[in-house]
Amino acid sequence: MVLIVPSILSADFARLAEEIRRVEQAGATMLHLDVMDGHFVPNITIGPPVVECIRRATRMTLDVHLMISDPDRYIPAFVEAGADQISVHQEACLHLDRTLRSIRSRGLAAGVVLNPATPVAMLDDVLELVDFVLVMSVNPGFGGQQFIPNALRKIRALDERRRRLGLAFKLEIDGGVNEENLAEVVRAGCDWIVMGASVFGSPDPAGTLARMQEIAREATSVRI
Ligand code: DX5
Ligand code: ZN
């Protein structure tokens with residue numbers, strides 16, 4: 001089943017619990033949390049204390065996307081805060097194999113993220129260590145950017161690899177997904193589709209989320 005995963009980056013942080021409740025009631029089961037450090041990406045967002053508060057406000061799976069340098073240093077704090085799954089950027093990890101193993105050893109699902117300029121082949125030696133691969137379809141740092149189409153080719157290439165290798169990792173996409181390109185993203189082979197501005201930037205986030213889920217469901221039935 002394809003999941004629409006709302007990203008709180010474009011939510012109203014002064015009313016975060018309420019924003020989260022609205023998408024949860026509309027059927028979301030996973031919530032995407034963007035952690036930025038002003039170093040790996042040119043923006044700063046939230047840290048473990050906020051994740052801990054969100055943990056208390058929802059039962060959704062917390063999908064923590066670390067856009068930070070030296071993620072190894074902070075992984076324990078996000079585990080402690082209640083993350084269910086953590087993804088780290090290939091570009092930020094000097095010892096990616098070790099980092100992915102350490103996330104899994106703590107009982108969480110481990111994901112690896114690729115920036116738009118990083119080829120899929122960079123992951124060939126870690127695919128067996130991941131529960132999901134997150135393909136960035138924008139350069140990380142901000143919500144509301146325009147979709148970079150090479151992400152679709154990368155999703156197809158990863159989908160082909162998982163079939164060929166008999167692996168079960170999920171494919172997640174993040175950035176610039178909207179009502180217009182959603183069906184194509186689903187048909188490329190994505191399982192989890194992050195949507196920030198399209199959901200929380202709309203006048204009715206709950207209604208928008210429900211509509212996106214419906215579009216994704218329809219597109220799944222005609223997947224090629
Ligand atoms: C961007 C973040 C995304 C962001 C996507 O660096 O990783 O998760 O929230 O937002 P939209 O859907 O607005 O592009
Ligand atoms: Zn993200």
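**View 1. Threonine 58 and its contact with methionine 60.** In this predicted model, the side chain of threonine 58 gets to 2.9 Å from the backbone nitrogen of methionine 60. That is a polar contact, meaning a pair of N or O atoms within 3.5 Å; within protein, one must be able to donate a hydrogen and the other to accept it, and residues adjacent in sequence count only if both atoms are side-chain atoms. Threonine 58 sits in the loop between helix H2 (48–57) and S3. Helices (H or I, at least four residues) and strands (E, at least two) are DSSP runs, numbered from the N terminus. With 6% relative accessibility, threonine 58 counts as buried; the cut-offs are under 20% relative accessible area for buried, over 50% for exposed and partly exposed in between (1.4 Å probe, protein chains only).

*Reading the views.* Residues are numbered from 1 along each chain as its sequence is written, while chains are lettered from A and ligands numbered from 1 in the order in which they are written. Local features need pLDDT of at least 70, side-chain atom pairs count only at pLDDT 80 or more, and totals for chains, interfaces and linings use all residues, with side-chain values based on heavy atoms and with hydrogens and water left out.

View 2. S3 (residues 61–67) is mostly covered, with 6 of its 7 residues buried. S2 runs parallel to S3, and the two pair over 7 bridges; strands pair if DSSP finds at least two bridges between them. Look for leucine 33, whose bridge partner in S3 is valine 64. In the loop between S3 and helix H3 (75–81) you'll find aspartate 70. Its phi is near 50°, a positive value in a residue other than glycine. Aspartate 70 is partly exposed, at 40% relative accessible area.

**View 3. The zinc ion (ligand 2).** Four residues supply its protein donors: His32 (NE2), Asp34 (OD), His65 (ND1) and Asp174 (OD), at 2.0 to 2.3 Å. Donors are N, O and S atoms within 2.8 Å of the metal (3.2 Å for Na, K and Ca); water is not among the atoms, so sites may look incomplete. The arrangement is octahedral because the 6 donor atoms subtend angles of 71 to 169°. For six donors, octahedral requires opposite donors over 155 degrees apart and all others between 65 and 115. Along the chain, the donors follow the spacing H-x1-D-x30-H-x108-D. Histidine 32 in strand S2 (residues 30–36) and aspartate 174 in strand S7 (residues 170–174) link distant parts of the chain, 142 residues apart. Histidine 32 is buried at 0% relative accessible area, and aspartate 174 is buried too, at 8%.

**View 4. Around ligand 1.** Of the 20 residues around ligand 1, Ser7, Asp34, Gly141, Gly144 and Asp174 come nearest; a residue is near if one of its heavy atoms lies within 4 Å. Aspartate 174 puts a polar side-chain atom 2.7 Å from a ligand oxygen. A polar backbone atom of glycine 176 is 2.8 Å from an oxygen atom of ligand 1, and for an N or O atom in the histidine 65 side chain the distance is 3.3 Å. The protein covers 99% of the 380 Å² of accessible area that ligand 1 has on its own.

**View 5. Strand S1 beside S8.** Leu3 and Val5 point one way from S1 (residues 3–6), Ile4 and Pro6 the other way, and all are buried. S1 pairs with strand S8 (residues 192–195) in the parallel sense over 4 bridges. Valine 5 stands opposite valine 194 in S8.

Definitions and conventions. Four donors count as tetrahedral if all angles lie between 85 and 135 degrees; four count as square planar and six as octahedral if opposite donors are over 155 degrees apart and all others between 65 and 115; anything else is irregular. Accessible areas come from the Shrake-Rupley method with a 1.4 Å probe; for residues, only the protein chains shown count as cover.
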